[in-house]
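Colleague: I have a model open and want to read it feature by feature. Please take me through it.

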Amino acid sequence: MLREVIHCRGHENVKATHKSTLEFTKEDHLTPRGDCILCIEADKGINDLSEEFKAALKTGKRLLIRTKVGNLVDEVLAEGSPDLILDHEYSMVVRKSTYIDGRTLAVRANKAARDIDRRVVELLKNPETVAEVELIILDEGKP
């Protein structure tokens, strides 16, 4: 099983209200305009993912994004694409659309920021809250 784990933390400006994207970032600040960002100070950006993991995404395999905060868990399903660039220093964006740029981790997601469990979002409004984000390549590929 191909798996990457990212640790990040909350911020007082976490809103998670964006309707089409969800983002994790290595940046250490968040403005109120960053309404797609779920957590900051991530210990990985796209550039930090293994080449094997990125290669699997580029074959179009499905990706499970499992966010754990305390005893709460939320899961998002998305897809890789041969068109992924996967070259960004600090951001990872999961998109409901098929738009791709260097920050895009996966496309055709079943959830965006506004669809994340509001209990998880509330916890991530506290800068002391730490989240674990598991990225898991699903072996069966596309549905």
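Modeller: First, the ground rules. This is a predicted model, in which local features need pLDDT of at least 70, side-chain atom pairs count only at pLDDT 80 or more, and totals for chains, interfaces and linings use all residues. Residues are numbered from 1 along each chain as its sequence is written, and side-chain values use heavy atoms, with hydrogens and water left out.

Colleague: How do I read the sheet, and what is the strand order in the open sheet of 4 strands?

Modeller: Strands of a sheet pair through backbone hydrogen bonds, either parallel or antiparallel. Here the order is β1-β8-β4-β5, with antiparallel pairing. Strands are DSSP E runs of at least two residues, and helices are H or I runs of at least four, both numbered from the N terminus. Two strands pair if DSSP finds at least two bridges between them. β1 and β5 are the edge strands, each pairing on one side only. On average, neighbouring strands of this sheet are turned by 20 degrees against each other, direction ignored.

Colleague: How many bridges join β4 to β8?

Modeller: Strand β4 (residues 62-69) has 7 bridges to β8.

Colleague: Is β8 enclosed or open, and why?

Modeller: It is largely enclosed by the rest of the structure, because 7 of its 9 residues are buried. Buried means under 20% relative accessible area, exposed over 50%, and partly exposed in between (1.4 Å probe, protein chains only). Helix α1 (residues 51-58) lies across β1, β4 and β8, at about 60 degrees to β8. Axes for such angles are lines fitted to C-alpha atoms, for helices over the stretch in contact, and angles run from 0 to 180 degrees between N-to-C directions.

Colleague: Next, the core. Which residues of the largest nonpolar core touch the most other members?

Modeller: In soluble globular proteins, nonpolar side chains tend to be buried together. A nonpolar core is a set of buried Ala, Val, Leu, Ile, Met, Phe, Trp, Tyr and Cys residues joined through side-chain atoms within 4.5 Å. The largest one has 43 residues, and L63, I65, L105 and L135 touch the most other members. Strand β8 (residues 130-138) gives the most to this core, with 4 residues. Contact means heavy atoms within 4.5 Å.

Colleague: Which cysteines form a disulfide?

Modeller: A disulfide is a pair of cysteine sulfur atoms within 2.5 Å. C8 and C39 form one, with their sulfur atoms 2.0 Å apart. The link is left-handed, with -60 degrees about the S-S bond. C8 lies in β1 (residues 3-9) and C39 in β3 (residues 37-39), so the pair ties together parts that are 31 residues apart in sequence. C8 is buried at 3%, and C39 is buried at 0%. C36 is in no disulfide; the nearest cysteine sulfur, that of C39, is 11 Å away.

Colleague: Last, the backbone. What is the phi of L86?

Modeller: Most residues other than glycine have a negative phi. L86 has a positive one, about 50 degrees. It sits in the loop between β5 (72-79) and β6 (91-95), and is buried at 3% relative accessibility. R108 also has a positive phi, near 50 degrees. Its loop runs between β7 (104-106) and α2 (118-123).
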